[in-house]
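Please walk me through this structure in plain terms, starting from a single residue and ending with how the chains are arranged.

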2 protein chains.
Amino acid sequence: MKTIHIGLLGCGTVGTGVARILIQNQEMIRSRVGATLNLKRIADIDIDRDRGVLLGKDVLTTNADSVVTDPDIDIVIETIGGLGIAKTLILKAIANGKQVVTANKALLASEGNSLFRIAADKGVELAFEASVGGCMPVIKTLRESLVGNQIQAMSGILNGTCNYILSKITDDGDTFETALAKAQSKGFAEADPTLDVEGFDTAHKLAILTSLAYGADLCLDDIYVEGISKITPLDIEFAGQFGYKIKLLAISKNRGNAVEARVHPTMIPFDNLLSSVNGPLNAITITGDAVGDILLYGKGAGMMPTASAVVSDVVDIARNLLTGSVGRVPLLSYQKDHIHRIPVMPVDEIISHYYFRFAALDQPGVLSKISGILGNHCISLKSVHQKGRKSGGSVPLVMMTHLAKESNVQLALSEIVHLEVVSDMPALIRVEDSNGSD
Amino acid sequence: MKTIHIGLLGCGTVGTGVARILIQNQEMIRSRVGATLNLKRIADIDIDRDRGVLLGKDVLTTNADSVVTDPDIDIVIETIGGLGIAKTLILKAIANGKQVVTANKALLASEGNSLFRIAADKGVELAFEASVGGCMPVIKTLRESLVGNQIQAMSGILNGTCNYILSKITDDGDTFETALAKAQSKGFAEADPTLDVEGFDTAHKLAILTSLAYGADLCLDDIYVEGISKITPLDIEFAGQFGYKIKLLAISKNRGNAVEARVHPTMIPFDNLLSSVNGPLNAITITGDAVGDILLYGKGAGMMPTASAVVSDVVDIARNLLTGSVGRVPLLSYQKDHIHRIPVMPVDEIISHYYFRFAALDQPGVLSKISGILGNHCISLKSVHQKGRKSGGSVPLVMMTHLAKESNVQLALSEIVHLEVVSDMPALIRVEDSNGSD
């Protein structure tokens, strides 16, 4: 029976999970693949810590170079993360003709265009199922299962930290700060949560998915990104009264010669299955011309779910090595010469429904002034609610719009904030209605 | 550029959808695969009907034999269905060295053990993504994405007809008969709905999934099957009051040396995502030791969703042909010599929560008699409700149990029906609680 030798770079949370699966489920994997997957070397800066996995003598090393240059090793797994040494080692592994598996969405989203080109030129795999959505098989589904579909749109909850925080605000009435502290105490958020809560991690994932779906170059810098740190319990409560939940969504839409790609808090109606995805879970709806909507759901992070996705890539590559079919599926879903730069539509140009909340003085004529400015900018209202009454002070004035253009909305709001009757910055949340009606 | 030639057997609903994708999306598929997928021949008994797809001269034929023996054709797609001519043609295609794609769950569930062996011996692919769950990529997910996981359980809504009918009873208070008539008028149910509503179609799919998940021989005859024709609006209403929906579930559980495999109406709590899957949609939760729960959701039937799954198989095989890697993934997920007969646990031996509804006389002592018999058979009650009051006549007496053994439940019910105070056959619905508590 043949043996495929594997080298692992980084043995933190995900790396340890990968080692655990490859060792504990080795017999089952062998009975599926028809070959032995042997975890030959692991490089980490800390080789003394007990990781709860029984490793053979000489498996652990602090010398990562010795792993990526080991002539026996067929597949190198990178679970170090970040843009520094991870990139250097991936490049060295590719240069040495190794097949590479990575979960590093930040690196792929930022430097994927060159990395994928280098891997393709060298004729090696660069697999990344674990980079988006943890154990949800979203990369394989886009590249393989939906291969006969023109992808029309995607809409995903791709960051468990944000979804946990929004669920806590929704269920417990927490402020953002309290919910964040809870997420940190549960291990669902980092000490510095910026990458997650400001939407950048979600944008990394959206850049990867958008490229795969449409055969586009990666476009991270063009993605509009807005995080969840300004979401208040008040807006979540009003959303609920209108029949909506607020989720941080990665949204991508095929607009023919351009794509929409944006990350922001979004109101979605209760009957959208994504609205039932709570806590640190991930889910994504993909719309194709043949399938309509399909949805994938699962744990988007964590040791074992992410490791499961890494192992699925390792097995895929092992199967390619065993049958001499490396390069069987193009890295970015489309053949190299069919990957184009597809422009990302500026957020100003999108058309959406909107929710506004104004802190307005409770006096006659306020509604007329605000709605007059909106009307001047072609924004028509579906409903208006004044929530509570406070004589003299300000009260929340909540509005839901019909479809409107973002640039008009921004212009109108910039006028409205200067009204004397408006006492604070308005809240704006975009609304995705599943029926797409006006 | 290379060309892969395709022959299609049967050009009804799904076949027409396949033709439409292969022709209308041919250019996109080429830019992904790097080869041309050419639909060379289509065999159907009716070659005159306009199918709304532009077909070249000489593509259509009534002679199916000429397709499966055509030396140019690489891949044969069977979308005829049923156990008759479809089997004969698949066998002839295999004998002629063709790769085969089928959506025929009835055939695979019944005769898959021999068909897969014959295909494997001949060294050809026999692909079947479209046989379960329409466009949900459940076969690929089990065979490839979860390859590092020991599968622990699966729980699926796999028949759109039943789910549509149950949704109608739930939402509109229809009787089963009215809801079935609505399903038939919408085209969601056949004129003879037995295969769907009595659970047999779901059992076909469960047989396939159970085999793939555990490396087991197909076991259709051992699956316990109970349909939805006895479900009443009353039971659905009571379920709702307890916080449950009723769905026809395919349930499979890994019990070590045996598996559970059963199809029956099941109460699931509102917080189980499957309870939000309404109308003709399909969904499945798969539990693996590494991933925990993942869920797939999408259209389980219909022309284009099913055709999309067929095309994903066709492309997979085309890629194997182009890279010389036919047989890259074993047909039934495990290598031939690792597929075993794994016994299906008789339904008598399962342990479950139960819902009972008795039509009982509204008089003192009734509850004591019924609960006494249940207690004698080690069945303890979680809650008891008498719904309404009708002096002299019978009233519904509803009970939810803690975990109990099916054989004990059946024995207890057979005693209870003989009580004079019980005026009708009791309703029994099994309950799956997501937390698995007692």
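A106(A) is found in helix α5 of chain A, which covers residues 105-122. The model is a predicted one. A106(A) has 18 other C-beta atoms within 10 Å, and therefore counts as partly exposed; a residue is called buried if 20 or more such atoms lie within that distance. Leaving aside neighbours within four places in sequence, A106(A) is in contact with G82(A), L83(A) and H204(A). T202(A) is 96 residues away from A106(A) along the chain, yet the C-alpha atoms of the two are separated by 9.9 Å.

The next step is the division of the chain into domains. In chain A, the domain assignment gives domain 1 as residues 3-135 + 303-334, domain 2 as 138-299 and domain 3 as 349-431. Between the C-alpha centres of domain 1 and domain 3 of chain A there are 51 Å.

Chain A also has an open sheet of six strands, in the order β3-β2-β1-β4-β5-β6, with parallel pairing. Its edges are β3 (60-61) and β6 (126-127) of chain A; each has a single partner strand, so one side of each is left without a neighbour in the sheet. Inside this order, β1 (residues 3-9) and β4 (residues 75-78) of chain A run parallel and are joined by four bridges. L8(A) has I77(A) in β4(A) as its bridge partner.

Now turn to chain B and its helix α11, residues 233-242. Which residues of this helix are buried? They are D235(B), I236(B), F238(B) and A239(B). Seen down the axis of α11(B), the buried residues fall within an arc of 165°, so they line one face of the helix. The elements of chain B that cover them include α7 (160-172), β9 (244-254), β10 (259-269), β13 (351-361), β15 (394-401) and β17 (427-431). Just after α11(B) comes G243(B), which takes a positive phi of about 95°.

Another residue of chain B, K405(B), is found in strand β16, residues 404-405. K405(B) counts as partly exposed because it has 16 C-beta neighbours inside 10 Å. K405(B) and I351(B) are 54 residues apart in sequence, while their C-alpha atoms are 4.5 Å apart in space.

The last topic is how the chains meet. In this contact, 52 residues of chain B touch 52 residues of chain A. On the chain B side, the elements that give two or more residues are α2 (26-33), α6 (138-145), β12 (292-299) and α12 (303-323). The largest share, 10 residues, comes from α12(B). By type, the residues on this side of chain B divide into 23 nonpolar, 21 polar and eight charged.

Strand β12 (residues 292-299) of chain A pairs with β12(B) in the antiparallel sense over three bridges. In this pairing, L296(A) stands opposite L296(B).

How is one chain laid on the other? A turn of 180° and a shift of 0.0 Å along the axis place chain B on chain A with an RMSD of 0.0 Å. That is the relation of a two-fold axis. Of the residues of chain B, L296(B) comes closest to the rotation axis, with its C-alpha at 2.4 Å. Of the interface residues of chain B, 100% are also interface residues in chain A, so the copies meet through the same surface.

Definitions and conventions:
Residues are numbered from 1 along each chain as its sequence is written. Chains are lettered from A and ligands numbered from 1 in the order in which they are written. This is a predicted model: local features need pLDDT of at least 70, side-chain atom pairs count only at pLDDT 80 or more; totals for chains, interfaces and linings use all residues. Domain bounds come from an automatic or database domain assignment. Two residues are in contact if their C-beta atoms, placed from the backbone, lie within 7 Å. Ala, Val, Leu, Ile, Met, Phe, Trp, Tyr, Cys and Pro count as nonpolar, Asp, Glu, Lys and Arg as charged, and the others, Gly among them, as polar. Two strands pair if DSSP finds at least two bridges between them. A residue is buried if 20 or more other C-beta atoms lie within 10 Å of its own, exposed if 12 or fewer, and partly exposed in between; C-beta atoms are placed from the backbone. The arc is that of the directions from the helix axis to the C-beta atoms. Copies are superposed by least squares on the C-alpha atoms of residues with pLDDT of at least 70 in both.
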